[in-house]
Every structure is written in C-alpha cells, then in structure tokens.
Amino acid sequence: AASPEHRVAVARGKLAGAHPAALVLRDLAGNAMFAASAAAKDAERCRDVVRGAPDSVRGREGARDDASTLSVEDQVAVLLDLATDESSLGRHWQGLQLWV
C-alpha cells in the first residue's frame, strides 16, 4: 500500500497539472510487487504502454518528461487515452474481451 506521503504527493501532482502518465510511471517505480515480480524486460514494456506511442495523445503531450505540466483539457485527453487504450486494458483486466 502507498504511504500517506506518497498519496499526498500524487494528489499535489494532479492539482499542479502533472502529466497523468508520469504519475502512473512514478507509482510503478514505487510498487514493491511490480519491482519484485517483473523482469526488467517486462517492466520496460509496461512503462512503454503507460507512455503511449509517440503519435498518441500521451506521447504528444510529453509523457516522457516527468516535469511537464498540462492544461485541464490536456489532462482529460490523456486520462481518456489511458482509460481506453486496449494494450493497457488487457494488462489491467486479465481476460478482458472488448465487444464492439
């Protein structure tokens, strides 16, 4: 579980306009289960999924730069991109089958 200090830091980052993908990457880096169980190659693949493709909203909006800040509109666009990314959904919800 995340410490109260970590949760406050994440909340402050959100309020300051930090890139949502950068906040997720920070959470991944501090996740003991992820660090202990994932091989370096798998961990990097997960980080790449969070960063998004360079032509995606996440990639265009600076997910590779932890210091970037976004407008509210850009934060919403990135959050929607994260929430609807099939690669990300497939990793979070094992066995997910999207029906169109």
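Me: Which residues are buried in α6?

Reply: First, the ground rules. This is a predicted model, where local features need pLDDT of at least 70, side-chain atom pairs count only at pLDDT 80 or more, and totals for chains, interfaces and linings use all residues. Numbering starts from 1 along each chain as its sequence is written, and side-chain values use heavy atoms, with hydrogens and water left out. Buried means under 20% relative accessible area, exposed over 50%, partly exposed in between (1.4 Å probe, protein chains only). In α6, the buried ones are Gln75, Val78, Asp81 and Leu82. They sit on the same side of α6, because their arc around the axis is only 125 degrees, taken from the directions from the helix axis to the C-beta atoms.

Me: And which residues are exposed on the other side of α6?

Reply: Val72, Glu73, Leu80 and Thr84. Leucine 80, for one, has a relative accessible area of 53%, so it counts as exposed.

Me: How many helices does the protein have?

Reply: Helices are DSSP runs of H or I, at least four residues, and strands are runs of E, at least two, numbered from the N terminus. Here there are seven helices and zero strands.

Me: What span does α6 reach from its first C-alpha to its last?

Reply: The expected span is 1.5 Å times one less than the number of residues. Helix α6 (residues 72–84) has 13 residues and reaches 18 Å, close to the 18 Å expected.
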